[in-house]
Amino acid sequence: MSAAARTLARMSTTGTDSPADTADGGGPAPDSRGVSLSPSRAADFMQCPLLYRFRVIDKLPEKPSAAATRGTVVHSVLERLFDIPRGERTPQAAQGLVRPAWDELLAKRPELAELFDDGEGGVRADELAEWLTGAEQLVERYFTLEDPNLLEPARRELYVETTLDGGLTLRGYVDRLDVAPTGDLRVVDYKTGRAPSERFEDKALFQMKFYALVLWRQHGRLPRRLQLVYLGSGNILRYDPDESDLLAVERKLRALWTAIQTATRTGEWRPNRTRLCGWCDHQSLCPEFGGTPPVYPLPVIGPQMDTDVTDAL
Ligand code: SF4
């Protein structure tokens, strides 16, 4: 059996839950006192502990966003693109998947209709057409970055999960996993936004190192390459991790989890005001903007949150 086949055989034992079942897929958040962490929720806590509370503990609803929804449609198209036989994976074929992907998403999540609702029971057809064209352009740009006819992904939308010593479960969905004939793993994630400046590359790579750590712990093989495909700006960010990178991410996640557990116990969720607050749906409930959070729904026990822990994150 080849190295690639052995790797695939091991991976075939991995569960493949629906993305809608995880916080990563935009679906329900994990249990408020649960023991699992996804890259999205870890990033939430690092950005703003109060935002994490609003999303994970209070489970407050958020307005659908046209940009995020377009991202979901484009991801769906790039996943299905590889169902088309090699040699027939053209920009036109891929663009032809955009409208069906939107229709299917809308059928699953009818609340998304409000994105193009004209307020009188109709649809703002021009805006919808422009939005779909934007999705088609992102799909077309993908072909300037990779030739999907030269690729045969080992897995798409792969659910990955591992439990660290101490009980913390790390989980998430990998957009695409490629396995070379040598058995080397390449983890690929699509982004519909623009590539970050060099200053923010580490932050962008955190999610990829998270996945690499999970795959390493799950299968005993360190991914050779992490690849972020930015369709908004037409760039690829590549990184080859080593063990020390992933051990550092593991230490960071353990510290993060300690801070989350402390905040859960004490009810102390500190707001962290940054320019990203402009995208937060919960300003009206945030003390930084004169709001008052809802009553904390969990029992409060133990001392006040050790702010040194969160400051260190
Ligand atoms: S508005 Fe800013 S500080 Fe307040 S909860 Fe949202 S992200 Fe946090």
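This is a predicted model: local features need pLDDT of at least 70, side-chain atom pairs count only at pLDDT 80 or more; totals for chains, interfaces and linings use all residues.
Which residues come nearest to the ligand? They are Cys48, Pro271, Cys277, Cys280 and Cys286, out of 13 residues around the ligand. By class, that shell holds eight nonpolar, three polar and two charged residues.

The mean pLDDT of the protein chain is 88, with 85% of its residues at 70 or more. Over residues 1–33, however, the pLDDT is below 50, and this stretch has 57 contacts in the model beyond near neighbours in sequence. Residues 304–313 also stay under 50, and the model gives them 19 contacts beyond four places in sequence.

β3 pairs with several other strands. With strand β1, residues 36–37, the pairing is parallel and consists of two bridges; Ser36 has Thr169 of β3 as its bridge partner. With β2, the pairing is antiparallel and runs over eight bridges, and Leu158 stands opposite Val174 in β3. The hairpin of β2 and β3 has five residues between the strands, and Gly166 in the turn has a positive phi of about 100 degrees.

On to β4: four bridges join β3 to this strand, and the two run antiparallel. Val179 is paired with Leu185 in β4. Here too a hairpin is formed, with five residues between the strands, and Gly183 in the turn takes a positive phi of about 95 degrees.

Is Val188 buried or exposed? Val188 has 22 other C-beta atoms within 10 Å, and it therefore counts as buried, the cut-off being 20 or more. Leaving aside residues up to four places away in sequence, Val188 touches Asp175, Arg176, Asp178, Gln227 and Val229. The C-alpha atoms of Val188 and Met208 are 8.3 Å apart, with 20 residues separating them along the chain.

A further antiparallel pair is made by strand β5, residues 225–230, and strand β6, residues 235–239, which are joined by five bridges. Within this pair, Leu228 has Leu237 as its bridge partner in β6. Four residues lie between the strands of this hairpin, and Gly234 has a positive phi near 75 degrees.

Helix α4 covers residues 66–80. Its 15 residues reach 21 Å from the first C-alpha to the last, close to the 21 Å expected at 1.5 Å a residue. The buried residues of α4 are Gly71, Thr72, Val73, Val74, His75, Ser76, Val77 and Leu78.

Lys59, with a phi of about 55 degrees, lies in the loop between α3 and α4. Lys59 is exposed because 11 other C-beta atoms lie within 10 Å, and the limit for that class is 12 or fewer. Glu157, with a phi near 50 degrees, is found in strand β2, residues 155–163. Glu157 has 17 other C-beta atoms within 10 Å, so this residue is partly exposed.

How values were computed:
Residues are numbered from 1 along each chain as its sequence is written. Two residues are in contact if their C-beta atoms, placed from the backbone, lie within 7 Å. A residue is near a molecule or strand if its C-beta atom, placed from the backbone, lies within 6 Å of it. Ala, Val, Leu, Ile, Met, Phe, Trp, Tyr, Cys and Pro count as nonpolar, Asp, Glu, Lys and Arg as charged, and the others, Gly among them, as polar. The expected span of a helix is 1.5 Å times one less than its number of residues. Two strands pair if DSSP finds at least two bridges between them. pLDDT is the predictor's confidence in each residue, from 0 to 100.
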